[in-house]
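Reader: Could you take me through a close look at one part of this model, and then show me what else stands out around it? I'd enjoy a connected account.

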Amino acid sequence: YATVPLILRLPEKNNFRFTSGTQITPEYMALLLGLVIYTSAFIAEIVRAGILAVPKGQVEAARALGFGYGDVLRFVILPQALRVIIPPLGNQYLNLAKNSSLAIAIAYADLFLITTTIMNQSGQSITGMAMVMLTYLIISLIIATLMDRANRRFQLITR
């Protein structure tokens, strides 16, 4: 056991192979790159649309008051854009959690593949499927609750 929680060990070359360090499997890298590129494109579009949803007059008014570009973005654009960004962003995070189950297509041992193996060996398929469904339900509910809290925080309060 290490005395510190996380030790970053760089690979050390030893004759023909590397010793120590962390190895990343090709399946994991394919999954990571696929999900990151796919999801980041959607999130970038959501943020862009949220920023463009702020009326141009708001930005012009802030510039007329002498705000710099950073201050305009921080105090005028983002607080108004977050009201538009948060609901679809929550949906995208839910999609990301569910799309991670597609890892079985590249033979990465995720929750679904491990549960399938257990079901094949034990013969209890209904219990295994119930556990998979319950796990994804809990993950989805946690994400939905966090996004609901964020949405309530940035919600426009009117009378």
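Author: Happy to! One cut-off first: a residue counts as exposed when its relative accessible area is over 50%, as buried when that area is under 20%, and as partly exposed in between. Please keep in mind that this is a predicted model.

Let's start with N15. This residue sits in the loop between strand 1 (12–14) and strand 2 (17–19). Its relative accessible area is 69%, so N15 is exposed. The backbone deserves a look too: phi of N15 is near 45 degrees, a positive value in a residue other than glycine. For background, most residues other than glycine have a negative phi.

From that loop, let's move on to the aromatic rings. Searching the whole structure gives 2 aromatic pairs. One of them joins F67 and F75 in a tilted arrangement, with 6.4 Å centre to centre and 35 degrees between the planes. F67 has 31% relative accessibility and therefore counts as partly exposed; F75, at 47%, counts as partly exposed as well.

Finally, the helices. Helix 1 (residues 26–52) packs with helix 3 (residues 69–99) at an angle of about 160 degrees, and their axes are 8 Å apart. An angle over 145 degrees counts as roughly antiparallel, so that is how helix 1 and helix 3 run relative to each other. Their crossing is right-handed. Where they meet, helix 1 brings residues including L35, F42, I46 and I51, while helix 3 brings others, among them I77, V84, L89 and L96. By class, this contact has 15 nonpolar, 4 polar and no charged residues.

Notes: Residues are numbered from 1 along each chain as its sequence is written. This is a predicted model: local features need pLDDT of at least 70, side-chain atom pairs count only at pLDDT 80 or more; totals for chains, interfaces and linings use all residues. Side-chain values use heavy atoms; hydrogens and water are left out. Axes are lines fitted to C-alpha atoms, for helices over the stretch in contact, and angles run from 0 to 180 degrees between N-to-C directions. Helices (H or I, at least four residues) and strands (E, at least two) are DSSP runs, numbered from the N terminus. Angles under 35 degrees count as roughly parallel, over 145 as roughly antiparallel, 65 to 115 as roughly perpendicular and the rest as oblique. A crossing is left-handed if the near helix is turned anticlockwise from the far one by less than a right angle, and right-handed if clockwise. Contact means heavy atoms within 4.5 Å. Ala, Val, Leu, Ile, Met, Phe, Trp, Tyr, Cys and Pro count as nonpolar, Asp, Glu, Lys and Arg as charged, and the others, Gly among them, as polar. Rings of Phe, Tyr and Trp (its six-membered ring) pair if their centres lie within 6.5 Å; planes under 30 degrees apart count as stacked, over 60 as edge-to-face and the rest as tilted. Buried means under 20% relative accessible area, exposed over 50%, partly exposed in between (1.4 Å probe, protein chains only).
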